Amino acid sequence: MASVLLEEMMSCEQCGHDTLYRKNAKKMSWILHIILSVVTMGGWLVIWGILFLWHIINKTGTALTNSWTCSACGNKKLIAL
Ligand SMILES: [Zn+2]
């Protein structure tokens, strides 16, 4: 899993104008999983399944840490995508 930094312009209540908001997002590398599944002759699919379930379970817990942060004042914004 690779971590990706997302950037977006959003209006900040604390700054009073549009600022650059940043957010860390985790990205599943599907190609890597497919290659590993082929190499292990399907054995990796079991591990992939466990990883996928773990990701769903942890999604609710990481919702707070997955908020957008203002690059100017550090104000946090929760946006459900
Ligand atoms: Zn701000």
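I began with M41, which lies in the loop between α1 and α2 (43-59). Helices (H or I, at least four residues) and strands (E, at least two) are DSSP runs, numbered from the N terminus.

I noted the basis of the entries. The model is predicted; local features need pLDDT of at least 70, side-chain atom pairs count only at pLDDT 80 or more, and totals for chains, interfaces and linings use all residues. Residues are numbered from 1 along each chain as its sequence is written.

**Entry on M41.** I looked up the backbone and found a positive phi of about 55°, although M41 is not a glycine. The residue comes just after α1. I then asked: is M41 buried or exposed? M41 is exposed, because 8 other C-beta atoms lie within 10 Å. For these terms, a residue is buried if 20 or more other C-beta atoms lie within 10 Å of its own, exposed if 12 or fewer, and partly exposed in between, with C-beta atoms placed from the backbone.

**Entry on α1.** Helix α1 covers residues 30-39, and of its 10 residues the number buried is zero, so the helix lies largely in the open. I34 belongs to this helix. I recorded I34 as partly exposed, because it has 13 C-beta neighbours inside 10 Å. I also checked I34 against L45: they stand 11 residues apart in sequence, and their C-alpha atoms are 8.5 Å apart.

**Entry on the whole protein.** I recorded two helices and four strands, in the order β-β-α-α-β-β along the sequence. Of the 81 residues, 2% count as buried. I looked up contacts (C-beta atoms, placed from the backbone, within 7 Å). Among those between residues at least 6 apart in sequence, 52% join residues at least 24 apart.

**Entry on confidence.** The mean pLDDT (the predictor's confidence in each residue, from 0 to 100) is 83 for the protein, and 79% of residues reach 70 or more.

Terms used. Two residues are in contact if their C-beta atoms, placed from the backbone, lie within 7 Å.
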